[in-house]
Amino acid sequence: MEHTTNYSVIEQKCRTEELGEYITYGIQAVCCGESQLISDITTDKAQAESMAECFNKNRLSLIHFPEVVEDMMY
């Protein structure tokens with residue numbers, strides 16, 4: 001039986017001394033009752049939504065999630 005991972009955008013408030021408070025977006029992956037969150041990926045909501053949509057469309061395996069996010073950011 002194949003398990004599908006669902007990816008969704010998570011909005012978070014972050015704060016640094018340099019920037020002060022700002023809104024950032026991460027992506028949460030949920031599969032078989034397990035979840036994994038990569039936070040503070042981007043401050044561009046549309047970019048985060050596009051990434052999550054791409055992951056869902058291409059049925060990205062949870063095991064590759066961190067690696068793919070990193071590759072897409074650089």
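Q: Why is Cys-54 called partly exposed?
A: In this predicted model, Cys-54 has a relative accessible area of 33%. Buried means under 20%, and exposed means over 50%. The value of 33% lies in between, so Cys-54 counts as partly exposed.

Q: Where does Cys-54 lie, and how far is Cys-54 from Gly-20?
A: Cys-54 is part of helix α1. From C-alpha to C-alpha, Cys-54 and Gly-20 are 31 Å apart in space. Along the sequence they are 34 residues apart.

Q: What makes Thr-24 buried?
A: The relative accessibility of Thr-24 is 0%. The cut-off for buried is under 20%.

Q: Which residues is Thr-24 in contact with, leaving aside its neighbours within four places in sequence?
A: Thr-24 is found in strand β2. Its contacts include Ile-10, Glu-11, Gln-12 and Cys-14. Asp-40, Ile-41, Thr-42 and Thr-43 are also in contact with Thr-24.

Q: How do you know that the side chain of Thr-24 makes a polar contact with the side chain of Asp-40?
A: The distance given for this pair is 2.6 Å. A polar contact needs N or O atoms within 3.5 Å, one able to donate a hydrogen and the other to accept it. The pair of Thr-24 and Asp-40 is listed as such a contact. A polar atom of the Thr-24 side chain also lies 3.1 Å from the backbone oxygen of Thr-42.

Q: How do you know that β1 and β2 pair?
A: Two strands pair if there are at least two bridges between them. Strand β1 (residues 6-16) and strand β2 (residues 20-31) have 11 bridges, so they pair. The sense is antiparallel. Glu-11 stands opposite Tyr-25 in β2, and Cys-14 stands opposite Tyr-22 in β2. A hairpin of three residues joins β1 to β2.

Q: What joins β2 to β3?
A: Six bridges join β2 to strand β3 (residues 34-42). The two strands run antiparallel. Gln-28 has Leu-37 in β3 as its bridge partner. The hairpin of β2 and β3 has two residues between the strands. Cys-32 in this hairpin takes a positive phi near 55°.

Q: Why is one side of β1 and of β3 left without a neighbour in the sheet?
A: The three strands form an open sheet in the order β1-β2-β3, with antiparallel pairing. β1 and β3 stand at the edges, each with a single partner strand, so one side of each has no neighbour in the sheet. On average, neighbouring strands are turned by 30° against each other, direction ignored.

Q: Why is the pair of Phe-55 and Phe-65 called edge-to-face?
A: The ring centres of Phe-55 and Phe-65 are 6.1 Å apart, and the planes are at 80°. The distance is within 6.5 Å and the angle is over 60 degrees, so the pair is edge-to-face. Phe-55 lies in helix α1 and Phe-65 in helix α2, so this pair ties together parts 10 residues apart in sequence. Phe-65 is buried, as is Phe-55. Ring pairs link Tyr-7, Phe-55 and Phe-65 into a cluster.

Methods
Residues are numbered from 1 along each chain as its sequence is written. This is a predicted model: local features need pLDDT of at least 70, side-chain atom pairs count only at pLDDT 80 or more; totals for chains, interfaces and linings use all residues. Side-chain values use heavy atoms; hydrogens and water are left out. Helices (H or I, at least four residues) and strands (E, at least two) are DSSP runs, numbered from the N terminus. Buried means under 20% relative accessible area, exposed over 50%, partly exposed in between (1.4 Å probe, protein chains only). Contact means heavy atoms within 4.5 Å. Axes are lines fitted to C-alpha atoms, for helices over the stretch in contact, and angles run from 0 to 180 degrees between N-to-C directions. Rings of Phe, Tyr and Trp (its six-membered ring) pair if their centres lie within 6.5 Å; planes under 30 degrees apart count as stacked, over 60 as edge-to-face and the rest as tilted.
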